[in-house]
Amino acid sequence: MPDYTLYAYYRSSCSARLRIILDLKNIAYEHVPVNLLNDEQLSDEHRALNPSASVPLLVSRTASDAGFKIGQSIAALEYLEEVHPEVPSLPPASDPEARALVRVLCEIVAADIQPVTNLRIMKRVRALGGVAEQWNKELMTDGLRAYEAVVRSSAGKYSVGDCLTMADACLMPAVWNAQRFGVDFSLFPHVSRVVANLNEHPAVQKADYFRQSDCPDNLRK
């Protein structure tokens, strides 16, 4: 059995963050699909595992902490970095400024973009008579504008320097979502350059929404 089980949905950006880092670090994991469109995350069974009733959920199966559960993606990314530092997803401890920049960029995506554009919020916007697609496009544009401002000075090949980090793992799924809703990426030349490099990385390619086992056949690459 792999050392981890990942409860995830193929088109969940938070799930994709974890897939990218798991693949970057060459960590084998079992994938358990949770269909958000069928509200499987709201089942009593899933709530018992993750009280947030969300995905992803990372469960450790290693002998030292078997059954340990992490129900938030950023906490899971940090955990994987501490437990599996051999292939790093943060700059070295000798560069605290760069590590802080990575975390800033993670939070721009995880706190400013994703929570206000996820499926649950889109349902609420529609219930209030709003146009959820326009809501998403505008808020994603705002968040990517902030990301662009930071990476203008921090980017090398990737968001912070020349190594893929947790920031890139958060950025890429956010970009997939933003492309879906028609965000104008000509506004973000530095982000676009980073994304072009990320598109060539094997860990990003493997984590693609449309390469997952629970992706519908008509969408799968």
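Modeller: Two strands pair if DSSP finds at least two bridges between them. Strands are DSSP runs of E with at least two residues, helices are runs of H or I with at least four, and both are numbered from the N terminus. The model is predicted, so local features need pLDDT of at least 70 and side-chain atom pairs count only at pLDDT 80 or more, while totals for chains, interfaces and linings use all residues. Residues are numbered from 1 along each chain as its sequence is written, and side-chain values use heavy atoms, without hydrogens or water.

Now the sheet. Four strands make an open sheet, in the order β2-β1-β3-β4, with mixed pairing. The edges belong to β2 and β4 (69-70); each has a single partner strand, so one side of each lacks a neighbour in the sheet.

Take β1 and β2. Strand β1 covers residues 4-8 and β2 covers residues 29-33; they run parallel and five bridges join them. Y4 faces Y29 of β2. Helix α1 lies across β1, β2 and β3, at about 150 degrees to β1. That angle is taken between N-to-C directions on a scale from 0 to 180 degrees, with axes fitted to C-alpha atoms, for helices over the stretch in contact (heavy atoms within 4.5 Å).

Next, β3. Strand β3 (residues 57-60) runs antiparallel to β1, and four bridges join the two. T5 stands opposite V59. L6 stands opposite L58. On its other flank, β3 is antiparallel to β4, through two bridges. V59 is used here as well: its bridge partner in β4 is K69. Both faces of β3 are covered, with L57 and V59 buried on one side and L58 and S60 buried on the other. Buried means under 20% relative accessible area, exposed over 50%, and partly exposed in between, with a 1.4 Å probe and protein chains only.

Q41 sits between β2 and α2 (44-49). Its relative accessible area is 10%, so Q41 is buried. Leaving out neighbours within four places in sequence, Q41 contacts V34, N35, L36, H46, R47, A53 and S54.

For comparison, a look at the helices. M140 lies in α6 (residues 132-154). M140 has 2% relative accessibility and therefore counts as buried. Beyond four places in sequence, its contacts include I113, T117 and A178. M140 and A178 are 38 residues apart in sequence, yet 6.3 Å apart C-alpha to C-alpha.

Helix α7 spans residues 166-180. Of its 15 residues, 13 are buried. The expected span is 1.5 Å times one less than the number of residues. After α7 comes G182, with a positive phi near 80 degrees.
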